[in-house]
Amino acid sequence: MAKFLAVSGSIRQGSYNVELAHYMVRRAQEKGWDAEYIDLHDYPMPLFNEDLEQGEKPECALALAKRFAEADAVFLASPEYNGSVTPILKNTIDWLTRQGQGAFSHAIFGIGSVSSGALAGVMALSHMRDILSKLSALMAPTPLGIGMGATAFNEEGEIADPRIKARADKLVDELTSIKRG
């Protein structure tokens with residue numbers, strides 16, 4: 001069965017990006033995929049520092065890198081912090097690239113951002129695309145930006161705006177149909 005992972009670059013209680021990641025997991029499951037949300041709380045890593053590589057690398061970095069390498073699709077959601085991705089997401093990516101597992105060479109990657117403002121995390125999306133392209137990650141063409149996070153989801157966790165929901169569902173279609181050659 002094909003594997004789908006969703007990760008949020010926010011570990012805040014009540015995070016809109018966690019909610020988006022769970023939405024994407026549900027949609028992938030509806031398509032018959034083995035889909036799950038990965039909580040970065042479960043993978044605590046120190047700030048990346050090459051000096052740490054000489055000693056004991058965090059075991060959770062290797063475990064997460066293996067999970068990424070085994071996945072067929074990965075969705076990354078991140079709020080926008082000062083015009084970029086969150087430090088925890090960038091740190092996680094930095095550690096994963098150093099594990100020798102090919103964490104970014106197998107899956108198709110999708111990106112999304114939910115922000116509290118109207119600009120929908122466009123700068124974070126741009127930076128995520130830049131970062132992933134430098135790692136030779138194959139990207140789904142549709143980025144998913146959602147503004148006004150406080151009203152973006154209904155009580156059932158569904159995306160409230162039908163146009164944004166259609167875009168999210170299009171991204172799930174891309175993630176579950178595009179295959180790396």
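Student: Why is serine 136 called exposed?
Tutor: Its relative accessible area is 54%. Exposed means over 50%, buried means under 20%, and partly exposed lies in between (1.4 Å probe, protein chains only). So serine 136 counts as exposed.

Student: What kind of model is this?
Tutor: It is a predicted model, where local features need pLDDT of at least 70, side-chain atom pairs count only at pLDDT 80 or more, and totals for chains, interfaces and linings use all residues. Residues are numbered from 1 along each chain as its sequence is written, and side-chain values use heavy atoms, with hydrogens and water left out.

Student: Where is serine 136?
Tutor: Serine 136 sits in the loop between helix 5 and strand 5 (138-139). Helices (H or I, at least four residues) and strands (E, at least two) are DSSP runs, numbered from the N terminus. The phi of serine 136 is near 65°, a positive value in a residue other than glycine.

Student: Which value makes asparagine 82 exposed?
Tutor: A relative accessible area of 84%. Asparagine 82 belongs to the loop between strand 3 and helix 4. Its phi is positive too, about 50°, although asparagine 82 is not a glycine.

Student: Why is valine 122 called partly exposed?
Tutor: Its value is 48%. Valine 122 is in helix 5.

Student: What makes helix 3 and helix 4 roughly perpendicular?
Tutor: Their axes cross at roughly 85°. Angles under 35 degrees count as roughly parallel, over 145 as roughly antiparallel, 65 to 115 as roughly perpendicular and the rest as oblique. Helix 3 and helix 4 are therefore roughly perpendicular to each other. Axes are lines fitted to C-alpha atoms, for helices over the stretch in contact, and angles run from 0 to 180 degrees between N-to-C directions. The axes of helix 3 (residues 59-70) and helix 4 (residues 87-97) come within 9 Å.

Student: Which residues make the contact between helix 3 and helix 4?
Tutor: Contact means heavy atoms within 4.5 Å. Helix 3 supplies Ala61, Leu64, Ala65 and Phe68, and helix 4 supplies Thr92, Trp95 and Leu96. Six of the contact residues are nonpolar, one is polar and none is charged. Nonpolar covers Ala, Val, Leu, Ile, Met, Phe, Trp, Tyr, Cys and Pro; charged covers Asp, Glu, Lys and Arg; the others, Gly among them, are polar.

Student: How do you know that alanine 65 is buried?
Tutor: Its relative accessibility is 0%, so alanine 65 counts as buried. Leaving aside neighbours within four places in sequence, alanine 65 touches Leu96, Gln99, Gln101 and Ala103.

Student: Why is asparagine 91 called buried?
Tutor: Asparagine 91 has 11% relative accessibility, so it counts as buried. It lies in helix 4. A polar atom of its side chain is 3.0 Å from the backbone oxygen of proline 46.

Student: What makes arginine 27 and aspartate 169 a salt bridge?
Tutor: A salt bridge is a side-chain nitrogen of Lys or Arg within 4 Å of a carboxyl oxygen of Asp or Glu. Here the closest N and O atoms are 3.5 Å apart, and the pair forms a salt bridge. Arginine 27 lies in helix 1 and aspartate 169 in helix 6, so the pair ties together parts that are 142 residues apart in sequence. Arginine 27 is buried, at 9%.

Student: How many salt bridges does this rule give?
Tutor: The count comes to twelve. One of them joins arginine 26 and glutamate 158, at 3.8 Å, N to O. Arginine 26 has 27% relative accessibility, so it counts as partly exposed.

Student: Which values describe glutamate 53 and arginine 98?
Tutor: Their closest N and O atoms are 2.8 Å apart, and they form a salt bridge. Glutamate 53 is in helix 2 (residues 50-54), and arginine 98 is in the loop between helix 4 and strand 4 (108-114), 45 residues apart. Glutamate 53 is buried at 16%, whereas arginine 98 is partly exposed at 34%.

Note on methods:
Polar contact = N/O pair within 3.5 Å; in protein donor to acceptor, adjacent residues only side chain to side chain.
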